[in-house]
Amino acid sequence: MNPDDKSLFLDAMEDVQPLKRCTDIHWQPERNSRTRQELDTEQLDNFLTLGFLELVPLAEPLAFQRDGVQQGVIDKLRSGKYSRQASLNLLRQPVEQCRQMLFAFIRQAGREGLRNLVIVHGKGREENSHPNVVRSYLARWLAEFDDVQAFCVALPHHGGSGACYVALRKSDEARAENWERHAKRSR
């Protein structure tokens, strides 16, 4: 504030008196008092696509396997022999919310070093039903993650064709620990 501004301010405020503490004064709430929505900065990196989608037929089970993943791993995943470390429920959620929830879930599972997940997406009775749309997007989205090694349909007691098992890549720490353990044996 330069000296001229300060003198103008003081001149304008010379006859102002503070309000007395009074019980008759009731402050009105601000008119535009909407709660501020926090910006989820993690979602800024969300690379999952929402464009044109070819629906996966209901008769076709969800399945994906990256090159280099051993068949024995896929067989154990399919038979539910890996313990489930976390699960995500996408039932009755809008597609955009499913996209955001899946992105955050896979990222968090990767940070925590989890490897075996269950995702419940539901199943519809008709080709164009909402659960089948989510299921079809899920098949696309999971393949877009580099950390996802494989996924397949869950066993009936874990949701059957309305859920899928997901196998994530080992974290660098787990890989180093595994190498240490096996290197000691070979000496």
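Reader: Why does Asn132 count as buried?

Author: In this predicted model, the relative accessibility of Asn132 is 0%. Buried means under 20%, so Asn132 counts as buried.

Reader: Where does Asn132 lie, and which residues is Asn132 in contact with, leaving aside its neighbours within four places in sequence?

Author: Asn132 belongs to helix H4, residues 130–144. With those neighbours set aside, its contacts are Leu55, Val56, Leu58, Gly124, Glu126 and Glu127. Contact here requires heavy atoms within 4.5 Å.

Reader: Why does Gly159 count as partly exposed?

Author: The value for Gly159 is 33% relative accessibility. Buried means under 20% and exposed over 50%, with partly exposed in between; Gly159 therefore counts as partly exposed. This residue is in the loop that runs between strand E4 (148–153) and strand E5 (163–168). Its C-alpha atom is separated by 9.6 Å from that of Lys123, 36 residues apart along the chain.

Reader: What makes the span of helix H3 close to the expected one?

Author: Helix H3, residues 95–111, has 17 residues. The expected span is 1.5 Å times one less than the number of residues, so 24 Å is expected, and H3 reaches 24 Å from its first C-alpha to its last.

Reader: Which residues of H3 are buried, and what do they pack against?

Author: Val95, Cys98, Arg99, Leu102, Phe103, Phe105, Ile106 and Ala109 are buried in H3. The buried residues of this helix pack against strand E2 (86–89), strand E3 (116–120), H4 and E5. Just after H3, Gly113 adopts a positive phi of about 75°.

Technical notes
Residues are numbered from 1 along each chain as its sequence is written. This is a predicted model: local features need pLDDT of at least 70, side-chain atom pairs count only at pLDDT 80 or more; totals for chains, interfaces and linings use all residues. Side-chain values use heavy atoms; hydrogens and water are left out. Helices (H or I, at least four residues) and strands (E, at least two) are DSSP runs, numbered from the N terminus. Buried means under 20% relative accessible area, exposed over 50%, partly exposed in between (1.4 Å probe, protein chains only).
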